[in-house]
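User: I would like to learn how to read contacts, cores and charged pairs in a model of this kind. Could we go through them one at a time?

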Amino acid sequence: MQGATLHAPVDERIEERPPASRRLPSVVYVLALGTFLMGTTEFVVAGLLPEIAGDLRVSVARAGLAITVFAVGMIIGAPLMSMLTLRLPARWTLVLALGVFAAGHVIAAVGDGFGLLLAARFLTALATGAFWAVANVVATRAAGPAASSRAVGVVGSGAMLANVVGVPLGAFVGQLMGWRGPFWILAVLAVAAMALIARSVPNEPRGGQTVSIRSELSALRSGRLWLVLAGCATMSAGVLGTYTYIAPLLTDRAGIAAGLVPLVLVGFGAGALAGFLVGGRAGDVRPYATTITAAASAALVLLALGLLSAFAVPTVVLVALLGLVGFLGTPVLIALGVRFAGKAPTLGSALTVSAFNLGTAAGSWIAGQALDSPFRAAGPALVGAAMAALALVPTITIALIQGRRGRPALG
């Protein structure tokens with residue numbers, strides 16, 4: 001699938017339909033392998049913060065900037081790279097992104113300074129944003145309109161699987177080999193993924209309508225797209241802002257041994273994987289009800305997590321539940337972003353990636369400040385509950401707008 005084809009209009013007539021029963025194309029699962037690497041690198045740092053802070057002689061809160069900087073890189077990288085690669089075939093955009101991704105990890109692994117680590121993370125994030133934006137559109141067009149949310153859910157499930165396997169395994173490897181070990185491994189795997197993507201993603205001859213930056217930017221006139229972006233940002237601010245500092249909550253507040261933290265992260269990742277897959281299927285039938293339910297549920301779970309975090313067992317259960325509800329609406333919001341962008345689906349996808357990461361960056365910064373509040377380690381969860389509740393405003397508004405257009409408000 002090549003660049004011009006990617007930018008064809010996306011059919012909006014998919015509001016109310018039965019779930020698709022046919023199998024998704026194999027390329028969707030190949031793309032999920034790429035997002036597995038992307039998801040692993042984005043949050044593996046969360047399990048390595050103490051090791052990074054000790055080796056580079058910075059505080060744990062300052063080490064958390066490695067996550068914030070990555071989010072900022074994706075905010076800029078997703079739309080920027082989608083525009084710069086506008087006429088490049090999708091296959092080669094994805095391969096190039098993986099090559100830059102690998103280079104960024106090598107720089108991080110050999111670097112000797114916190115500033116260089118942040119620069120490497122930023123470079124890696126630019127590549128990640130480009131890959132994710134194009135992968136979402138390749139997947140939705142390969143699957144067809146009736147299974148677009150499901151396809152996005154499968155692609156995104158690679159990143160969620162990373163939280164089940166990649167992030168905890170990375171934390172374990174980091175404890176054995178030092179924090180640089182996971183970066184070397186990710187670089188090698190990215191090179192292998194380049195060959196797989198090059199062989200699996202079609203390189204169709206150029207055809208279809210001519211694309212331009214002006215036609216892409218026309219998507220910015222869509223009010224519904226901006227509402228989707230607001231929903232993406234507020235949801236990720238609440239959920240992932242809290243997750244950035246989940247380790248201090250588990251060890252300092254709940255009294256869980258540091259060696260057991262990776263197991264709790266597995267629970268979060270398993271919940272997130274289930275949420276992405278369930279949300280993708282539900283979103284193909286009732287997209288607006290799914291996003292509203294996700295926002296309300298995430299706010300309630302985060303509030304409960306903050307209030308009950310002094311108790312180990314409820315905390316572990318709530319962390320897993322947070323993964324489930326926190327990502328229930330994600331594939332739906334991405335699919336809606338692609339749809340509401342009209343003739344610029346790649347930019348719509350890129351902007352949802354940017355919005356999620358803008359929320360992560362802002363949420364992680366606010367959560368870091370909350371660590372110094374009277375609530376201490378529970379502060380990020382309580383602040384996260386308020387941010388997730390804000391996601392109800394855009395999601396409900398979208399449902400009402402669609403209702404006025406003659407579609408079921410909660411469809």
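User: Leaving aside its neighbours within four places in sequence, which residues is G283 in contact with?

Analyst: A word on the basis comes before the case: this is a predicted model, in which local features need pLDDT of at least 70 and side-chain atom pairs count only at pLDDT 80 or more, while totals for chains, interfaces and linings use all residues. Residues are numbered from 1 along each chain as its sequence is written, and side-chain values use heavy atoms, with hydrogens and water left out. Contact means heavy atoms within 4.5 Å; by that rule, and with neighbours within four places in sequence set aside, G283 touches S149, T290 and V332. G283 is found in helix 13 (residues 261–283), where helices (H or I, at least four residues) are DSSP runs numbered from the N terminus.

User: Is G283 buried or exposed?

Analyst: Buried means under 20% relative accessible area, exposed over 50%, and partly exposed in between, with a 1.4 Å probe and protein chains only. G283 has a relative accessible area of 0% and is therefore buried.

User: How many residues does the largest nonpolar core have?

Analyst: A nonpolar core is a set of buried Ala, Val, Leu, Ile, Met, Phe, Trp, Tyr and Cys residues joined through side-chain atoms within 4.5 Å. The largest has 97 residues, and those with the most contacts inside it are L31, F131 and I197. Helix 7 (residues 114–143) gives the most to this core, with 15 residues. Domain 1 (25–202) and domain 2 (215–410) each supply at least three residues, the bounds coming from an automatic or database domain assignment. Beyond its neighbours within four places in sequence, I197 is in contact with V30, L31, R91, L94, V95, L98 and F131. A second, separate core of 21 residues includes V152, V228, Y288 and V332.

User: How many salt bridges does the structure hold?

Analyst: Side chains of opposite charge can pair when their charged atoms come close. A salt bridge is a side-chain nitrogen of Lys or Arg within 4 Å of a carboxyl oxygen of Asp or Glu, and the structure holds one. The bridge joins D55 and R180, whose closest N and O atoms are 3.3 Å apart. This pair links distant parts of the chain, with D55 in helix 3 (residues 49–56) and R180 in helix 9 (residues 180–200), 125 residues apart. D55 counts as partly exposed because its relative accessibility is 38%, and R180, at 22%, also counts as partly exposed.

Technical notes
Helices (H or I, at least four residues) and strands (E, at least two) are DSSP runs, numbered from the N terminus.
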